[in-house]
Every structure is written in C-alpha cells, then in structure tokens.
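Let's go through what the labels on this model rest on. Each reply sets a value beside its cut-off.

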Amino acid sequence: MTGGLSLEVTNLSTTFETPLGAVTAVDGVSFDVRPGEVLGLVGESGSGKSVTLRSLIGLIHPPGKVSGRVIWNGQDLLSLPSGRLARVRGGEIAMIFQEPMTALNPVLTVGLQIEENLRAHTALDRGQRRARAVELFDLVGIPDAKRRLENYPHQFSGGMRQRVMIAIALASNPRLLLADEPTTALDVTIQDQILKLILSLRDELGMGVVLVTHDLGVVAATCDRVAVMYAGRIVETGTVVDIFDGPRHAYTRGLLSSVPRGGAERAPLLAIEGTPPALSALPPGCAFGPRCSFATDACRDARPGLLTIAPDRQVACLHHDAVAANRGQVA
Amino acid sequence: MHLLLYVLRRIIQLIPTLLFIALVVFLLVHLLPGDPASAMLGDRALTADVNRINHDLGLDRPLPVQFLLFLRNLAHGDLGRSIQLHESVLSLIAQRLPVTMLLTAMSALIAVALALPLAFLAALRRDREADILIRGTFQVGLSMPVFYIGLLLLTFFGAYLRWFPVGGYGDTFAGHLYHLFLPALTLALSLSAVLMRNLRQAILQVIGAEYVDFARAKGLPARLVLFRHVLRNALISTVTLFGLQIGTLLGGAVVTETVFAIPGAGRLMIESIYGRDYPVVQGTTLCLAVVVSLTFLLTDLAQVALDPRLSR
C-alpha cells in the first residue's frame with residue numbers, strides 16, 4: 001500500500017429545513033479513513049449513512065445545510081470553492097451509488113460518461129481517453145469493452161451497470177472511494193463479485209474505501225473497521241473483530257443477533273423491538289433508549305457522548321460494560 | 001436504413017389519415033347552411049340564378065358523387081379552382097401557405113427563445129422571487145385569448161408607439177419579418193407559457209435525479225452538469241410537447257392572420273368559409289393537415305434522436 005492520504009471528519013452535521021422544523025439527519029459525526037483501509041458505515045435505513053457520505057463531497061441539495069470539518073489533503077472540503085471541490089470530486093475522491101439503474105444517465109453512452117470524467121481530471125487526449133476507457137472496462141470485468149463503450153445504460157444488466165459505475169468512479173485513479181450500498185440492488189452472486197472487485201482495486205490502487213451498508217455480512221467480509229450509526233450519530237466504532245466479538249452498544253449487539261449465521265448451531269433469530277425514532281421527534285437522552293433493555297433513568301437525562309475505551313474503540317453508551325458483559329437481555 | 005423504412009411506413013400511414021380528414025372536411029363544409037352562389041349574389045338573389053350557378057359548379061349532384069370527383073381530381077394533384085377568386089386552389093395555397101409557415105416558424109422560434117432561458121432561471125431559483133414572477137407573468141399570458149393579446153400588442157406597439165406596422169405583410173423578406181414580428185409574438189406568448197411550465201417542471205424533476213448527483217460526484221464543471229445532464233434530459237418531454245403544439249400554433253395563426261390582416265393560408269381559409277368556397281376550404285385544410293402530420297413525424301424522430309431507449 002502506498003503512503004496515501006487520509007480523510008478526517010470532525011463534528012459533521014447535516015440539517016434539513018422542513019415545514020415541520022429542522023431535522024438533523026447527521027449529528028456531530030467524527031471519523032477518519034486511512035489510506036488503503038476499508039471503513040464500514042453501518043446502520044438501519046434512515047440512520048444517516050448515505051447523507052453522511054453525500055455531505056462529505058458537497059452533494060447535499062439545498063435547503064440541506066452541512067457543518068463541521070472534512071479535512072482532505074490539508075484542506076477543508078466543506079469550505080472549498082466549488083471549482084476546487086469539483087477537482088477533488090471524481091479526481092481524488094470518487095463515489096459510487098446504490099442504484100446502478102438510476103445513477104447512470106440514460107441518454108448518454110457509457111463511453112461518454114467515462115470520458116467526461118477523464119476529461120475533467122486528466123490531460124489525456126481523445127485517443128488516450130478512449131484507450132483508458134477500454135482499459136477500465138477490462139479492469140472491472142466488462143467483456144468486449146470496445147464495443148460496449150458505444151452502448152447506453154439500458155443495454156446492460158444490473159450487475160454490469162454497477163461495474164460501469166465503478167469504472168466511471170475509478171477512471172481518474174481516486175485515492176478514496178465512497179461506496180453507498182454498492183451491492184444492495186444486486187443478486188447475491190453478483191454482490192460477491194462486486195465486493196471482491198472493490199477489494200482488489202483497493203489493493204491495486206491503495207485507495208481508502210468508505211463502505212456504507214446495512215448488511216453486516218458484507219461488513220464482516222470486506223471491512224477493516226466499522227462505525228455503527230443510529231439516528232444520525234455514530235454509536236460505536238472499532239475494528240471488525242472487536243465489534244463482532246464484543247459489541248459494547250446495545251444497538252450493535254441487537255444488529256449482530258438479528259443476523260442469521262450459517263453453520264452455527266441453531267439459535268433463535270432475535271429482532272430489535274420497535275422502530276428507529278423519527279429524526280424530527282428524537283426521544284430525550286439516548287436515542288436508542290426506548291428500544292434498549294439496558295436503559296436506566298440516567299440514559300434518559302442526557303445523550304451519551306462517544307467514549308474512547310481503547311485505541312480505535314469508541315462507544316456512546318453509559319452501560320457499555322454491562323452490554324459487553326452480556327448481562328440483561330437483548331431487546 | 002432502419003430509420004428510412006420507419007419514415008416510409010409513417011408516410012404511407014398518412015394516406016388513410018388524410019383520406020379521413022378529406023371526408024370530414026368535405027362533409028363539414030357541405031353541412032354549413034348556404035352555398036357559394038347565395039354567398040356571391042347576396043340576399044336578394046333569384047332562386048333561378050342560384051340554381052344555375054350551383055348547377056354550373058356541379059353542386060347539384062349527389063354528395064357521394066361530388067366527393068368521389070374530388071378524390072379523383074386529388075389523385076391527379078388537382079385541388080380544383082376557387083369559386084370566388086377564379087384561380088387554381090393549388091396556386092392560391094402556394095402563395096398563402098409560405099406566409100403562414102413563416103409566421104408559425106417565427107413564433108415557434110420566439111416561443112423557444114423566451115421559454116428556454118426563463119424555464120432554466122425559474123427552475124434554478126425555484127420558489128424564489130424570480131420564479132414566482134416568471135410563472136405569474138406567464139400565467140396571465142396563458143389565460144388570455146390569442147386575439148386579445150394580439151389586439152393589446154397591436155394597440156400598444158403598433159398604434160401607440162408606432163414601432164411596428166399594424167398590419168400587412170411587406171414586400172421584401174426583411175419587410176416580411178418586420179411585419180410578422182408582432183403577430184408572431186402574439187402567437188408565441190401562449191406557446192412559450194406552455195413550454196416554460198413544462199420545461200421548468202422537467203428540469204426540477206431531472207435535477208433531483210441520481211445520475212445528476214453522480215455527474216456532480218464525478219467532478220464535472222457545474223455548467224456541464226446543467227447542460228449535458230440536466231437540460232438534455234429535461235428537453236425530451238418538452239420537445240414532444242413542442243411538436244404537438246405546432247398544430248395549435250397553426251390554429252392560432254388563422255385567428256392572428258385575421259387580426260393583423262396578413263395574407264396567409266389561415267385568412268384564406270376564413271374568407272373561403274364565409275364565401276362557401278368549398279374547393280379552397282378543402283384544399284387549405286388538407287394542406288395544413290399534411291403540415292401538422294409531418295411535424296408529428298419530425299417530433300417522433302427528434303424524440304428517438306434524444307432518447308436512445310426508444311430506438312429499438
């Protein structure tokens with residue numbers, strides 16, 4: 001792995017003005033991504049994972065407001081003028097989206113959609129861009145690259161479209177890849193291929209990856225570290241091994257026990273009771289409190305902050321020792 | 001090759017459509033009370049004279065026979081002779097239709113020139129002052145009848161400010177453009193309101209699309225994102241609407257030509273309806289129908305060109 005750049009996110013918040021008042025979709029999130037590392041961002045739908053990812057590179061539409069700091073290569077992306085931000089986007093930090101069906105422009109050839117990225121970020125001439133596009137299609141495993149470049153998105157299958165999107169994202173050799181549920185819309189067999197592809201590209205190009213997913217199986221198979229999000233906040237971070245072996249937040253514990261494990265002895269599958277709170281009506285104190293069997297009065301008084309309990313290990317729970325000791329029942 | 005066959009098939013499909021239009025127009029003009037002779041001779045005409053003229057024109061034969069004769073002449077490219085103007089219908093149309101086409105083309109251009117930038121501005125400033133002002137103004141324009149707008153413009157820019165002539169067509173091409181400006185603007189206003197609303201809505205829809213975010217995430221310059229990814233896609237529905245509106249525009253031209261005293265096909269049609277000049281009414285209607293049908297064909301072709309998903 002080459003000595004690359006890291007991303008440092010501090011106190012990132014994203015707020016949307018709605019007729020019902022301001023809704024904070026991402027609330028004071030901090031994390032970092034090191035070169036060549038895969039960080040998993042995990043949580044249920046609506047926990048703020050995707051919004052976090054989009055906030056990093058300025059893809060939040062008004063009236064959404066983003067605050068905090070996103071330090072990349074010595075500059076704060078949130079205060080960068082749009083022209084310079086455009087150079088970082090796609091050039092240094094690339095993003096792939098969840099839905100390959102809707103993320104490609106339906107009326108432009110995929111060849112053009114790769115080339116416009118190269119045009120924006122490299123000095124390659126027309127012929128070289130063409131050659132690079134063919135090379136990229138080969139890299140992501142799209143057969144018959146030369147001919148396929150002339151095709152439109154609707155002429156590809158879902159898995160192939162996701163490969164096209166990855167090829168576009170990787171066109172200018174980014175140092176960091178933001179992947180927003182890149183496999184959720186795909187068949188399981190294709191999922192595996194795409195994840196393997198991302199990992200092999202990580203190894204080859206030495207880029208860092210932020211992988212947003214709600215699938216813990218995907219996390220176990222691909223990530224180095226994990227950040228678990230709930231109701232717009234990070235509630236626990238750690239290495240994959242630490243988190244899977246000893247979750248210290250009741251929500252993480254609940255997530256893990258609701259995953260069926262192949263090969264393990266038969267055990268009842270546990271669901272987390274209740275539903276995530278609406279962001280416009282968060283309960284006082286710990287947002288997970290109402291669904292948590294460890295909760296006490298203290299949990300309702302104030303929202304617990306992230307505690308660093310070991311290097312690379314943080315948790316936002318007053319009772320993390322109790323959770324770790326596995327006392328009480330998973331809700 | 002594929003495209004050529006498609007165009008050919010569409011043109012062949014035109015024939016039954018036109019036959020049907022010919023039949024409907026034929027029946028309509030003959031259902032109108034009155035006849036060419038009474039129209040020519042006035043109220044105090046003698047029945048004998050009226051009958052003689054109608055007999056000379058062949059109008060006393062049974063309707064089906066008249067229709068078949070009309071079709072037989074049509075097949076030979078003969079649209080008949082005008083009863084009032086004593087000229088062949090074809091040469092009348094050849095004089096008048098270009099005027100209407102120029103008027104329509106001019107108003108289409110003006111409509112697009114107005115709608116495109118304003119729709120863009122309104123969409124990008126959604127729900128802010130500019131958007132509300134633009135939409136409000138067009139709403140007023142849209143809710144006024146064409147002839148009324150025409151009269152307003154005529155009074156203000158023609159009679160009061162004297163910037164433009166109040167009627168006529170001019171003698172040179174530049175003169176034509178000058179004379180047609182006010183009528184073209186009149187026609188353009190309601191079309192541009194329709195286009196503006198449609199395009200604004202389409203832009204707003206496309207601007208929130210994932211592929212536009214993806215284009216941004218690629219680091220493309222904002223201008224490129226707007227034109228290549230937003231406008232290009234938003235235009236698909238607007239181009240279709242535009243093509244379909246050309247028919248309406250031609251209909252509006254009939255009224256506008258009357259208000260502005262322009263010697264176009266529209267006014268020719270109105271005058272020949274008053275004079276019960278059956279051959280001219282039938283001929284102009286058929287020609288306008290051909291023009292409209294061809295615009296629809298062009299619209300479909302433009303749509304295929306803009307949206308590759310359709311070309312299968």
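**Where the chains meet**

25 residues of chain A are in contact with 20 residues of chain B, contact meaning C-beta atoms, placed from the backbone, within 7 Å. This is a predicted model, where local features need pLDDT of at least 70 and side-chain atom pairs pLDDT 80 or more, while totals for chains, interfaces and linings use all residues. Residues are numbered from 1 along each chain as its sequence is written, with chains lettered from A and ligands numbered from 1 in the order in which they are written.

Q: Which helices of chain A each supply at least two residues of the side that touches chain B?
A: Helix H2 (82-88) and helix H3 (110-121) of chain A do; helices here are DSSP runs (H or I, at least four residues), numbered from the N terminus.

Q: Why is H10(B) called roughly perpendicular to H11(B)?
A: The axes of helix H10 (residues 222-259) and helix H11 (residues 265-274) of chain B cross at roughly 85 degrees and come within 7 Å. Roughly perpendicular covers 65 to 115 degrees, so H10(B) and H11(B) get that label.

Q: What meets B:Gly266, B:Arg267, B:Met269 and B:Ile270 of H11(B)?
A: From H10(B), that's B:Ala253, B:Val254, B:Glu257 and B:Thr258. The residues of this contact split into four nonpolar, two polar and two charged.

Q: How many of chain B's elements are helices, and how many strands?
A: Chain B has twelve helices and zero strands.

Methods:
Two residues are in contact if their C-beta atoms, placed from the backbone, lie within 7 Å. Axes are lines fitted to C-alpha atoms, for helices over the stretch in contact, and angles run from 0 to 180 degrees between N-to-C directions. Angles under 35 degrees count as roughly parallel, over 145 as roughly antiparallel, 65 to 115 as roughly perpendicular and the rest as oblique. Ala, Val, Leu, Ile, Met, Phe, Trp, Tyr, Cys and Pro count as nonpolar, Asp, Glu, Lys and Arg as charged, and the others, Gly among them, as polar.
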